[in-house]
Amino acid sequence: MSRQGKRKTKKGIGIAFCTCVYLFLFLPILVIVVNSFNATTSKPYLTWKGFTFDWYVRLFDNGALLSSFGNTIIIAVVSTLLATMIGTLGAFGMYKYKFKGKGVIDGLLYIPVVIPEIVLGISLLSLFTNVNIPRGMLTLILAHVTFSVPFVIFNVRARLSGYDNSIEEASMDLGANRVITFFEITLPVLAPGIAGGALLAFTLSIDDVIISYFVNGQTKTYPLKVMESIKSGVAPDVNALSTLILLGTIVLVVLTQSDFLKKKKA
Amino acid sequence: MKKRILSVLLAGCMAAALLAGCGGKSSSAENGELNLFIWTEYVPDAVIEKFEKDYGIKVNVTTFSSNEDMLAKVKSESEGTYDIVQPSDYMVESMAAQGLLEELDQSALTNLDNIGSQYLNADYDPGNVYSVPYQGGVAAIGVNTSKITDDITSYDDLFKSDYKNSLVVLDDYRATIGMVERSMGLSVNETDASKLAEVKDKLLSLKDNIKVYDSDSPKSQLISGECTLAYCWSAEIALAMEDNPDVKIVYPSEGAFKFIDNWAIAKGAKNYDNAMKFINFMCDPEVAGMVMEEFPYLNCNQTAIEANADYASNEAKNVPAEVFEAGERDKVLDNDTIAIYDNMWTELKQ
Amino acid sequence: MKKHQWRANTLPSLVTVGPVTLWLLFFVAVPLIYVGVMSFCSLDQYYNVTFQFTLDNYKRLFDVNYIKIYGQSVLIAFLTTIICILVAYPFSFLIARTKSKKKMILYMLVIIPFWTNSLIRIYGWKTFLGTTGWLNTALQFLHITSEPLELLFHRGTTVLGMVYCLFPFMVLPLYTAIEKLDGSLLEASADLGAKGFSTFFEVILPLTASGIFSGSIMVFIPALGYFFVADILGGGNSDVIGNLIERQFQSGNNWPLGAALSIILILITLLLVKIYQKLGGDMESLGV
């Protein structure tokens, strides 16, 4: 009896602790959501002037904010696709073939992962300046591919470590050439690793501030727009867009998750 | 599972991008484009929109938050990236010397006579060959009189030990060190190493009083009550006074750190004619009137000031002529002196 | 024979590994080498980088003022890492050992906040902690305090922001490590009469140490560079190495000095990674 009681208090403490951690994680989000309904119109938008839905309407008149969001999505999609393509090929090749200098490539791969983002940011800025590539959408995409490629490779590799070479051999024995084998046999097996890597690349890209800050030129991404607006106080329409984005992602997760659970039961 | 999340995410994103694309306004571009490179929070959106509408020119805006930042970008981007830049006084001189500015077509500046004669033909650009003044100001003292009842009259007063942890200063080493120099009766462009050693000691004695360094929106610190004293641009204090009537402005008895920002055309500008149209447009009194409503710096447009009695009588906005006259501008310093300034600033900020 | 070797190995390895190799060479190796070169360059009177060899940048790095900021930055990163471990360990343990289907949801709840832009969340903390912010308003309303507490613009606030930003990078590896723990092992330890404490220190901790190590790397190193956290929440009072670099590349306009500062950061990173590898850390687990 007392043992059970003890276990219950232990459980209670555990739940209380986790709740506190979640509160910590969600507190700023609550601030954002509440401020998106603030009727204030004067900078720095800190005083509460009543409840309004206005900002959700006005948001769609703020062309600069919306186009920055569009830029973020374009950059994320393009850089994820590029990183996934060259990353998947690279991981596969490094696993399958023998060649000199593998260790060097490995070493290079770890750099963008461990090095502080600011170092990658300033070194890419220096490079782009020196070879005179105009800063903008292009340099943003190049930079984003650079920091996401290793994550794709690591994820694909994790999948490859359990990969059975014999199915490829079987396919080749049946007369398929190397290219067909890669697309028909290898790729489907690697798919979960590729998808995981791509998801990570996408997430990193849409939230990147530091590297984009150095290589953006005249192209503003959504995080950079936020950075700009922080200087004078974040306007409620920025909060409103953030709330919508959050809501969107939660809906997507809930949809995919519940779908997943249903499939599993069936 | 990850794959499914990914595909749904991608679909959602495509939809969002489409939406964002639709939301963006399609501006008329029948008369070409104009690329502005300007200070953050300095030119009202409404003014840009008016220019786009009146002239049928599409304007692209990029912003910077320090002269040096702007200079670095102008030099590192390929020529023709920016048409219009907005350098401060000393930076006009420096950029012109480096051949980074185009000469202005004086015949296109039909509105120039609206600009106060005291701002024209300045020592940093004699004859206004490269630049037209836009607006300026001085670094003044903002006081929240409900919390601070002492009579503050000078930069030197900010060093009193009573004001521990209550001051917001500009996060700009030239401006803040310049304030210390003025408080000691020195020039803001002091280069003498032994004098700079004294400046450093005095600067460090300010550390306990500084609560936050903020160049972007020091007014927020005054409005929210985070700080009760501010060393910042006059216009920031003017805006804080509108939100918090307890705030008042003090112009330092030592003579203030001052600046004038200007319009100029970057070397190799692709849209030179449009750029001239824009500069002339900005000298229009009606446009200047719109600017002073939103960003109440010391406007250089005399005609516009005369037309706006509220602005003209507000001493935080329309900085009194004698205050501006007594102020001092910063100049380009040599690298060794810059290193001394940078070191003392680093020491202050640790 | 040679021809066969080409078709069987050389050509396909070029096609597959070639693109990523070129990419890494051009966008990782070359820029870093260039930064290294630039750190030995001088500056002319118009802030242009000139290729004239100098050690001045490195001499300035050993200025006592800079060294104090490295110290402050390391201290902030260290505190951030320790707090992350102390909070994330029990937290990850609790969610990873949840038996119900809720586990996935609990895990997703850690990730979801990070789909909102990190800057705006940091700004949310500023709004919450300010003199007239939510917390002070609430405390004064409840008459717990009479004067607003000075919560913003301290070193502690910067640490809070860093912990907030980097917390999931500690949770993810810990979660993975703890999830792998074999339940029967814990029972065996208990059956052999081990008390809670000794089970923890002798069985659980060693088995999950890898998670702690990779989490620490993923928290400590970025914390040295997150200049925006120090800007927004520290108010310029608690700069990290990232602020020094950012200043030289933006308003300071002294790229060679900024490059030399970056080299310092690279060296610290290399040192930590070496220690991590000595402790048996797996590089791959930093990126999955």
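**Chains C and A in a predicted model**

Modeller: In this predicted model, chain C has 12 helices and two strands.

Colleague: What pattern does chain C follow along the sequence?

Modeller: Chain C reads α-β-β-α-α-α-α-α-α-α-α-α-α-α.

Colleague: Is chain C a compact globule or more spread out, and why?

Modeller: More spread out, because its radius of gyration is 24 Å, well over the 19 Å that the globule rule gives for 288 residues. Along the principal axes, the C-alpha atoms of chain C fill a box of roughly 80 × 65 × 35 Å.

Colleague: How much of chain C is buried?

Modeller: 46% of the 288 residues count as buried.

Colleague: New topic. How many residues of chain C are in contact with chain A?

Modeller: 68 residues of chain C, and they meet 71 residues of chain A.

Colleague: Which element gives the largest share of that side of chain C?

Modeller: α1(C), with 19 residues. Other elements giving two or more residues include α3 (64-96), α9 (196-225) and α12 (255-278) of chain C.

Colleague: How do the residues on that side divide into nonpolar, polar and charged?

Modeller: On the side of chain C that touches chain A, 49 are nonpolar, 16 polar and three charged.

Colleague: Now chain A. Where does UniProt place the "ABC transmembrane type-1" domain?

Modeller: The unreviewed entry puts the domain at residues 69-256 of chain A. Over those residues the chain is 83% helix and 0% strand.

Colleague: And which residues does UniProt list as "transmembrane region"?

Modeller: Among them are 73-95 and 179-206 of chain A, again from an unreviewed entry. Residues 73-95 are 100% helix, with end C-alpha atoms 32 Å apart. Residues 179-206 are 100% helix too, and there the end C-alpha atoms lie 33 Å apart.

Terms used: Residues numbered from 1 in each chain as written. Chains lettered and ligands numbered in written order. Predicted model: local features only at pLDDT ≥ 70, side-chain atom pairs only at ≥ 80, totals over all residues. UniProt positions renumbered as here; feature names shortened; annotations may be inferred. Helix = DSSP H or I, 4+ residues; strand = E, 2+ residues; numbered from the N terminus. Contact = placed C-beta atoms within 7 Å. Nonpolar A, V, L, I, M, F, W, Y, C, P; charged D, E, K, R; others polar. Rg over C-alpha atoms; globule rule 2.2 N^0.38 Å. Buried ≥ 20, exposed ≤ 12 C-beta atoms within 10 Å, placed from the backbone.
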